[in-house]
Amino acid sequence: TKTSPDENHDTPHMANLLNGIVITPASGGSMLFLHTLENMKSLRGDISRTFVIGKTKHDVQVGGSSIFRERTFTARLLGYSYYTKGISVLPNGTLAALDDETIFSQNNLGIVNGPGKYDGGFMVVESTTPSDSYHAFSYTNAGYLMLDSRFFDSKLRFVYGARYESYRQVFNNPSLAKDTVVNDILPSINAVYGVTQKINIRAAYYRTVARPEFRELAPFQFQGFTTQLVISGNPDLKRSLMDNYDLRFEWFPNAGQIVSLSGFYKNIDNAIEQVVDLGAAGGFAVTYANAKSARNVGAELEVRFKLSSFTHNGDSSRFLSSTTIFANCAYIQSQVDNSNSIGSTIRPLQGQSPYIINAGVQYLDEKSGWGAAVSYNLIGRRIIIVGGATNPTIWENPRHVLDFQISKSIKKFDIKLNLRDALAQNLVLYQDMDENGKFTKGSIEESKKQAHSYSYDNIFANTKLSPTLSLSLTYRFF
């Protein structure tokens, strides 16, 4: 890695101090204009051949790819500051107490009331810095070798190989010049044993990589729409390497039906998380950081059945054979080694829920073209932003999500009516002040009193959601 930072490269960008006012994207009345131009080019080639050795069959595939990605990003921030003129005109401090509807009206710009010494109103100023724009590009050159070997009349199958990736990422703006090259070997092996024609046992290991996005590297600041927090990138982010282990039991009762039970383990080096920016100026802000390592261990159950499977006459019932019930449930325990990051307590990985539930019923009559579906989703509480000693971690409270769909196919036309999030439960982000490991009942009402209490949780955001109704029409050419 070659890095040439400016000596002030840790100074917050998009935050100018003018006449005592810090102007950021979160400032009242600020106007942020963004423009992103991105190009991507790719080239790929593969060669495969089949070999038969004795009673075994082997497919060998060799290939490579090259991906070039380039982004040019520019930003411009305009905001309001106080109007002054030497010492003859000073700011009128009473204007700051006006309500949102009138504070930035035309009458409050320039000199107000006047003439007088304290008749300075507001003025629109440019708060953009050269460091708020950047140019970045990356090259991903890869080659792989994959083998698919079958033994004992395909009763035992191995799919295995390795992928080599060379990744170069270049990031440039006036405050930072970063040129990084990382080479990775990503092996994988998937073994499948067919106990019967309908039952399989799978075991797999594979290594994957997660690289930071340009946005996560850029020191540019922007405001998150959900949390209303100022978010900035971290140019020192490293890529994450993940070692994945899976063991899975599969049963296929009939076509399109499955019952599977799996266990998995994942170890992550340099896990990328969204964290509180302890060095930010102007209050609570968010950035990205690498935890030293993290691990996930869990189990998953998946079922998909047609209702006709539970009757003696089976496919004789058109309604039952067209109706499928499905469910997917996962239980995950995650733990982060954050000895090189903020915080010191044992906690889950940011963004990882301890459980995930998806279930539903789907009806699809291919003869009439009518279809309907009901789906349900629930995730356990998860960390949205990793906190520190002065700003506790922010959690997302679980909520129930219920969706409906009615569809009709007419020749090459598909019509779908969707109702999303029918229950419309509020999205609540909170800080677990009483440290009881859950969202404390009554915290929302207590927060309205604007009184601090460690007996209740601190409501960070309480977003009221509404059901979404949509109608779509699709035409299929082929």
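View 1. S27 contributes the largest share of the nonpolar patch, 4 residues. The model is predicted: local features require pLDDT of at least 70, side-chain atom pairs count only at pLDDT 80 or more, and totals for chains, interfaces and linings use all residues. Residues are numbered from 1 along each chain as its sequence is written, and side-chain values use heavy atoms, with hydrogens and water left out. At least two patch residues come from each of strand S23 (401–410), strand S24 (413–420) and strand S27 (468–475). Strands are DSSP runs (E, at least two residues), numbered from the N terminus. Members of the patch include Trp 370, Ile 406, Phe 413, Leu 471 and Phe 478, and its accessible area is about 1,400 Å² together. Patch residues have over 30% relative accessible area and no salt bridge, with nonpolar side chains (Val, Leu, Ile, Met, Phe, Trp, Tyr) joined within 5 Å; a salt bridge is a side-chain nitrogen of Lys or Arg within 4 Å of a carboxyl oxygen of Asp or Glu. Areas come from the Shrake-Rupley method with a 1.4 Å probe, and for residues only the protein chains shown count as cover.

**View 2. Leu 417 in strand S24.** Leu 417, one of the patch residues, lies in S24. Its relative accessibility is 36%, so Leu 417 counts as partly exposed (buried is under 20%, exposed over 50%, partly exposed in between).

View 3. S18 (residues 323–337) and S19 (residues 355–364) are antiparallel, with 9 bridges; pairing requires at least two DSSP bridges between two strands. Ile 325 has Val 361 of S19 as its bridge partner. S19 also pairs with S20 (residues 370–379), antiparallel over 9 bridges, and Leu 364 stands opposite Gly 371. A hairpin is formed by S19 and S20 with 5 residues between them, and Gly 369 in the turn has a positive phi of about 85°.

**View 4. Mixed open sheet.** Four strands are ordered S11-S12-S16-S15, with mixed pairing. S11 (221–223) and S15 (272–276) are at the edges with a single partner strand each, so one side of each has no neighbour in the sheet. S15 and S16 (residues 285–290) run antiparallel and are joined by 5 bridges, with Val 275 partnered by Thr 287.

**View 5. Antiparallel open sheet.** The order of the 4 strands is S21-S22-S25-S26. S21 (382–385) and S26 (458–463) are the edge strands, each pairing on one side only. S25 (residues 427–431) pairs with S26 in the antiparallel sense over 5 bridges; Tyr 430 has Ile 459 as its bridge partner.

Notes
Patch = residues over 30% accessible without salt bridge, like charges linked within 9 Å, V, L, I, M, F, W, Y side chains within 5 Å. Buried < 20%, exposed > 50% of the residue type's maximum accessible area, 1.4 Å probe, protein only.
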